[in-house]
Amino acid sequence: MAGLKLSSFKGALGVAARPNNFYVDITFPNQVGVTNTNIRYLCKTAAIPAFSVGVVEIPHFGGRKMKVPGDRTFAEWTATFIADEKMQLHKDMEAWLQYIKASDYSQEDLAGSDTNDYQGTISVIHTDQSGSDLRTYNLENAFPTELAQLDLSYDNFDTIAEYSVTFQYSHLTTE
């Protein structure tokens, strides 16, 4: 294999993207009244969101089926956050979920309404080694659906408390 050289591979790859170079920003709905600005420092794990394109099968002449692209769907998104001593971000997530529940958006409030005052935007920013933004993924019309348990234990005296939050969103934009 005379054509495959390590120097050629390194030249084609350049500097590889690192999974630990990222930060997350969350724009909460105004109605929730959140003023937390430390999210980017408290997000321990996140992911670039997944999406897929469905397939629609169309009956075709002769009994065959022609496959064409369908709707683009977006998977739920989960991030893990570090619990600071004041638990402010956890309180903010609780407030957001309480606002959604208090507004009862699952009932007639949405009938004939285009209100989305319970939704925010989540930005996942992948950076290079110097901290410059490579690409931003915006999860639009996002809202939390699960605030996971925060484990407490007398056995864990040398770890930091953390918890996960699962979000749903309508679509994804990139910058």
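Phe9 is found in helix H1, which spans residues 6-13. Helices here are DSSP runs of H or I with at least four residues, strands are runs of E with at least two, and both are numbered from the N terminus. The model is predicted, so local features need pLDDT of at least 70 and side-chain atom pairs count only at pLDDT 80 or more, while totals for chains, interfaces and linings use all residues. Residues are numbered from 1 along each chain as its sequence is written, and side-chain values use heavy atoms, with hydrogens and water left out.

Phe9 counts as exposed, at 53% relative accessibility. The classes are set by relative accessible area: buried is under 20%, exposed is over 50%, and partly exposed lies in between (1.4 Å probe, protein chains only). Helix H1 is hardly covered, and the count of buried residues among its eight residues is zero. Leu6, Phe9 and Leu13 form a nonpolar patch on the surface. Together they have about 340 Å² of accessible area. A patch takes residues with over 30% relative accessible area and no salt bridge; nonpolar side chains (Val, Leu, Ile, Met, Phe, Trp, Tyr) are joined within 5 Å, like charges within 9 Å. Accessible areas come from the Shrake-Rupley method with a 1.4 Å probe, and for residues only the protein chains shown count as cover. Gly14 follows H1 and has a positive phi, near 70 degrees.

The protein as a whole has three helices and nine strands. Along the sequence, their pattern is α-β-α-β-β-β-β-α-β-β-β-β. Of the 175 residues, 29% are buried. Thr136 lies in strand E7, residues 133-147, and counts as buried at 9% relative accessibility. With neighbours within four places in sequence left aside, Thr136 is in contact with Ser123, Val124, Ile125, Thr173, Thr174 and Glu175.

Aromatic rings were examined next. Rings of Phe, Tyr and Trp (its six-membered ring) pair if their centres lie within 6.5 Å; planes under 30 degrees apart count as stacked, over 60 as edge-to-face and the rest as tilted. By this rule there are seven aromatic pairs. In one of them, the ring centres of Phe51 and Phe74 are 6.2 Å apart and the planes stand at 50 degrees, so the pair is tilted. Phe51 belongs to strand E3 (residues 51-59) and Phe74 to strand E4 (residues 65-74), so this pair links distant parts of the chain, 23 residues apart. Phe51 is partly exposed, with a relative accessible area of 44%. Phe74 counts as buried, at 19% relative accessibility. Phe74 also pairs with Tyr169: their ring centres are 5.6 Å apart and their planes at 50 degrees, so this pair is tilted. Tyr169 sits in the loop between strand E8 (162-168) and strand E9 (171-174), so the pair ties together parts that are 95 residues apart in sequence. Tyr169 is buried, as is Phe74. Elsewhere, ring pairs link Phe28, Trp77, Trp96 and Phe167 into a cluster.

Phe51 has a charged partner too. The charged end of Arg72 sits over the ring of Phe51, 3.9 Å from its centre. This label requires NZ of Lys or CZ of Arg within 6 Å of the ring centre and within 35 degrees of the ring normal.

A search of the whole structure finds four salt bridges. Each is a side-chain nitrogen of Lys or Arg within 4 Å of a carboxyl oxygen of Asp or Glu. Asp25 and Arg40 meet in one of them, at 2.9 Å from N to O. Asp25 lies in strand E1 (residues 22-27) and Arg40 in helix H2 (residues 39-42), so the bridge ties together parts 15 residues apart in sequence. Asp25 is partly exposed at 28%, and Arg40 is partly exposed at 33%. Lys44 forms a salt bridge with Glu162, with the closest N and O atoms 2.7 Å apart. Lys44 is in strand E2 (residues 43-45) and Glu162 in strand E8, so this pair ties together parts that are 118 residues apart in sequence. The side chains of Glu57 and Lys65 meet at 3.9 Å, N to O. Glu57 counts as partly exposed at 43%, whereas Lys65 counts as exposed at 56%. Glu57, Lys65 and Lys67 are linked in a network of salt bridges.

Technical notes:
Contact = heavy atoms within 4.5 Å.
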